[in-house]
Amino acid sequence: MNFHSVWFCIGLVTILGTLVSLRREHIRTEYSVSWLAVGIFLTTLAAWPALLDRISGRIGIDPEVFFLLAGGALISALVFEMTRVVSRLTDQNVMMAQRIAILEFQMREAATQNVTQDA
Amino acid sequence: MEHALTEPKVMVIVPALNEAEAVGDVVRSVRRVMPGVPVVVIDDYSEDATATVAESAGASVVRLPVHLGAGGCVQTGYKMAYELGYDYVIRVDGDGQHEAADIPRILDALISTGAEVVIGSRFLGRDGKHTSFPRLVGIAFFRILLRLILGTPIHDPTSGFVGVNRAALQVFSRTFPLEYPEIEILVVLQRKRFRFHEVSCRMNRRRTGRSSITPFKSLRYMLHVLLGVFVNVLRFEAGHAENENKKESQ
């Protein structure tokens with residue numbers, strides 16, 4: 001297998017894996033778009049080496065190096081986006097945990113007051 | 001006028017994680033020194049009987065459904081106090097390091113100086129005994145750093161013995177660092193143009209459990225806090241630049 005075939009397969013597996021996970025509801029649609037974009041990018045450039053040669057020629061670097069750099073940049077962008085998502089979810093979790101604790105506390109306090117009044 | 005005639009509402013919060021052996025004494029000593037003041041233990045999802053022991057000692061207990069860390073735990077207390085309309089909140093650690101007898105001095109300083117935050121300092125007029133060597137090194141480092149940022153000396157930047165007024169409660173109930181909050185909040189205060197004041201306090205050896213700042217975690221602690229301080233300084237600069245632009249446009 002040559003360089004292009006390997007990356008074509010990786011791109012295809014990325015697309016298929018994302019679609020299967022979507023179908024099984026293991027990942028949410030909004031987070032699957034980036035992965036599908038990565039898969040389409042990899043398969044497109046791997047399937048049309050002429051396109052890859054043309055783009056890398058314009059930039060003035062080796063096609064294989066361009067391919068790896070572009071793929072790496074996309075993956076890095078994905079990881080960064082995921083970090084943002086995780087950070088946002090962490091903040092939301094903390095807020096919810098605090099809210100639950102405070103509400104639970106107020107409910108217990110109210111119940112205790114009711115018991116005292118009844119007695 | 002009505003404020004001058006009514007007593008300020010004060011709450012003591014005690015963040016605690018696995019402090020079953022110490023928290024009972026802490027609650028009892030606080031209740032002895034501050035009769036009539038609600039003592040609320042914020043149980044950070046302890047695995048031991050911290051919540052039960054605290055309740056038996058006479059405290060109200062807020063039980064977090066998951067472990068949030070020191071910052072998230074303290075912020076829960078601040079949020080609750082703010083929502084319930086409290087004017088002043090004193091934070092006392094659940095490990096017994098802080099002397100309940102010093103609470104009235106922190107409260108008096110909050111009221112008399114009008115500072116938004118009052119810090120109980122183990123170094124102000126004292127030698128800070130019972131402080132581990134790695135912590136002393138960290139404190140010395142952050143003293144120098146904060147002197148540069150705040151423009152005023154701070155003797156005990158890592159103290160958890162802190163009193164805040166309602167203005168600070170409002171800010172901290174919205175934004176508060178989740179980990180190692182003590183140093184970062186000083187920069188937040190500076191950004192908000194709040195004042196802080198230090199009062200001399202005693203510091204006991206922790207009765208049980210382990211400090212969250214061990215020698216092995218010191219490097220991570222330093223890096224984490226440095227990053228937090230740096231980010232807050234950046235926010236301060238951004239806010240300052242915005243204010244300057246507004247002034248110019250006016």
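Student: Which residues of helix H5 (residues 103-113) of chain B are called buried?

Tutor: This is a predicted model, where local features need pLDDT of at least 70, side-chain atom pairs count only at pLDDT 80 or more, and totals for chains, interfaces and linings use all residues. Residues are numbered from 1 along each chain as its sequence is written, chains are lettered from A and ligands numbered from 1 in the order in which they are written, and side-chain values use heavy atoms, leaving out hydrogens and water. A helix is a DSSP run of H or I of at least four residues and a strand a run of E of at least two, numbered from the N terminus. Buried means under 20% relative accessible area, exposed over 50%, and partly exposed in between (1.4 Å probe, protein chains only). In H5, the buried residues are B:Ile103, B:Ile106, B:Leu107, B:Ala109 and B:Leu110.

Student: Why are the buried residues of H5(B) said to line one face of the helix?

Tutor: Seen down the helix axis, they fall within an arc of 160°, so they line one face. The arc is that of the directions from the helix axis to the C-beta atoms.

Student: What covers the buried residues of H5(B)?

Tutor: The cover includes strands S1 (10-16), S4 (88-91), S5 (117-121), S6 (162-165) and S7 (196-200), together with helix H2 (20-33), of chain B. Contact here means heavy atoms within 4.5 Å.

Student: What makes B:Glu116 buried or exposed?

Tutor: Its relative accessible area is 11%, so against the limit of under 20% B:Glu116 counts as buried. B:Glu116 lies in the loop between H5 and S5 of chain B. Leaving aside residues up to four places away in sequence, B:Glu116 touches B:Leu110, B:Gly163, B:Val164, B:Asn165, B:Ala167, B:Ala168, B:Phe194 and B:Arg195. Just after H5(B), B:Gly114 has a positive phi of about 75°.

Student: How does the radius of gyration of chain A compare with that of a compact globule?

Tutor: Chain A has 25 Å, whereas a compact globule of 119 residues would have a value near 14 Å. The radius is taken over C-alpha atoms, and the globule rule is 2.2 Å times the number of residues to the power 0.38. The C-alpha trace of chain A spans about 85 × 30 × 20 Å along its principal axes. Of its 119 residues, 23% count as buried.

Student: What pattern does chain A follow along the sequence?

Tutor: The pattern is α-α-α-α, with four helices and zero strands.
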